[in-house]
Amino acid sequence: MRLLPWTGADGKPCYLSTDDSDSLLSQLADDVEAAQLGSAEQVLAGAKAVLEDARAGERAVRFALTRAVESLGDVLRVAVSRGGGTSAR
């Protein structure tokens, strides 16, 4: 069973049961995971920039933290999917 990098409409985890890593859904999940990891790199860079800016206001810090939390959730889901953890979100 593979944990997919998205949740269902009810917010519950979605799983894929297949031995075919080349299936269309497996490839889509791989593409989504790659996009999530790429986005997390950008969010991390942006958050670092905000934290390094002594003039950054509360709105900027809250925005950066909100995006960082979202990205961390995505990255943790990818890690769990790939066998690097025990729970997702």
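User: Before we look at anything, what does "buried" mean for a residue here?

Analyst: Buried means under 20% relative accessible area. Keep in mind that this is a predicted model. Take Ser71, which sits in helix α2: its relative accessibility is 9%, so Ser71 counts as buried.

User: And which residues does Ser71 touch, leaving out those up to four places away in sequence?

Analyst: Ser39, Ala40 and Val43. Two of those names come back in the next helix we look at: Ala40 and Val43 are among the buried residues of α1.

User: Okay, α1 then. How do I read a buried pattern along a helix?

Analyst: Start with the general idea: an α-helix has 3.6 residues a turn, so residues three or four places apart point the same way. Now the case here. In α1, the buried residues are Ser26, Ala29, Glu33, Gln36, Ala40, Val43, Ala47 and Val50. They pack against β1 (2-7), β2 (13-16) and α2 (58-81).

User: How far does α1 reach from its first C-alpha to its last?

Analyst: It covers residues 24-52, 29 residues in all, and reaches 42 Å, close to the 42 Å expected at 1.5 Å a residue.

User: Let's turn to the strands. How do β1 and β2 run, and how many bridges join them?

Analyst: They run antiparallel, with three bridges joining them. Together they make a hairpin with five residues between the strands, and Gly11 in the turn has a positive phi of about 85 degrees.

User: What about side chains in a strand, in general?

Analyst: In a regular strand the side chains alternate between the two faces of the sheet.

User: Is Arg2 buried or exposed?

Analyst: Buried: its relative accessible area is 17%, and the cut-off is under 20%.

User: What polar partners does the Arg2 side chain have?

Analyst: One is Glu33, whose side chain makes a polar contact of 3.3 Å with that of Arg2. Another is the backbone oxygen of Ser26, 3.4 Å from a polar atom of the Arg2 side chain. Both Ser26 and Glu33 are on the list of buried residues in α1.

Methods:
Residues numbered from 1 in each chain as written. Predicted model: local features only at pLDDT ≥ 70, side-chain atom pairs only at ≥ 80, totals over all residues. Heavy atoms only, no water. Helix = DSSP H or I, 4+ residues; strand = E, 2+ residues; numbered from the N terminus. Expected span 1.5 Å × (residues − 1). Buried < 20%, exposed > 50% of the residue type's maximum accessible area, 1.4 Å probe, protein only. Contact = heavy atoms within 4.5 Å. Pairing = 2+ DSSP bridges. Polar contact = N/O pair within 3.5 Å; in protein donor to acceptor, adjacent residues only side chain to side chain.
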